[in-house]
Amino acid sequence: VADTRRQTPPAAARAPVLSLAVVRLFGAAAAAYFALAGLATTVVPLALSRLGLDAARVGALLSFQAVLGALVPLPVAKLADALGPEPLVAPAMLLAALACLLFPDDLALLRVLAAMALFALASAVLFSLPLTAVANAVHPAATSRAIALAKFAGDLGLLLGSAALGAAANASGFDAAFRLAALVLLAAAAAFLASSPLARRAKRH
């Protein structure tokens, strides 16, 4: 019986570290950390406090998101093993953008829970699968260097996201910060899809 599972490309067919196929994954990591980690470190706790929640309730909501974040990665990893990591990246960015737009400007608990659940799901994908895709895409001799560059891109995104989203919240309110994060995620998803091998082949024809 033929093995129909997804196969990792042979070493000879893999891409150089700075090829478009790999750099687009660096961009996805940077955008994910800009938006999701930037919001988590700067905006979300303060936004929850703004909704009138005390410290205990804010902690409970963040714990709820952390519990979901601990439960989701294994099912996500199984799906990535079946489909490959790359097909999950753009949908996760769209989910994260939806979570940003869903976050309420009043005390609507169900919307808060829905937004945080989507943040947890998207984070499970976007904080790990771009690194997995990078490792699959490059020659084995360049794997560690490629993962280090992807990690650097994510850290740079976090640095810029924390500063930019915090500044946006301070200047124009928390809603502006969430909209900026959503815009970055939507633009990154569009660029990721437009630079996919399928899209490039379609342009050539």
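## Salt bridges

A salt bridge is a side-chain nitrogen of Lys or Arg within 4 Å of a carboxyl oxygen of Asp or Glu. In this predicted model, the count by that rule comes to 4 salt bridges. One of them joins the side chains of Glu86 and Arg24, at 2.5 Å from N to O. Glu86 belongs to helix α4 and Arg24 to helix α1, so the pair ties together parts that are 62 residues apart in sequence. Glu86 is partly exposed, at 26% relative accessibility, whereas Arg24 is buried, with a relative accessible area of 8%.

Asp175 and Arg50 form another salt bridge, with their closest N and O atoms 4.0 Å apart. This pair links distant parts of the chain, with Asp175 in helix α8 and Arg50 in helix α1, 125 residues apart. By contrast, Lys151 and Asp155, whose side chains meet in a salt bridge of 3.0 Å, N to O, both lie in helix α7, 4 residues apart, about one turn of the helix.

## Nonpolar core

The largest nonpolar core contains 62 residues, and Leu39, Leu48, Met93, Phe103, Leu126 and Phe178 have the most contacts inside it. Helices α1 to α8 each supply at least two residues of this core, and α1 gives the most, with 14 residues. Beyond its neighbours within four places in sequence, Leu39 contacts residues including Cys100, Phe119, Leu165 and Phe178.

## Second largest pocket

Helix α1 contributes the largest share of the lining, 6 residues. By class, the lining has 10 nonpolar, 2 polar and no charged residues.

Conventions:
Residues are numbered from 1 along each chain as its sequence is written. This is a predicted model: local features need pLDDT of at least 70, side-chain atom pairs count only at pLDDT 80 or more; totals for chains, interfaces and linings use all residues. Side-chain values use heavy atoms; hydrogens and water are left out. A nonpolar core is a set of buried Ala, Val, Leu, Ile, Met, Phe, Trp, Tyr and Cys residues joined through side-chain atoms within 4.5 Å. Buried means under 20% relative accessible area, exposed over 50%, partly exposed in between (1.4 Å probe, protein chains only). Contact means heavy atoms within 4.5 Å. Ala, Val, Leu, Ile, Met, Phe, Trp, Tyr, Cys and Pro count as nonpolar, Asp, Glu, Lys and Arg as charged, and the others, Gly among them, as polar.
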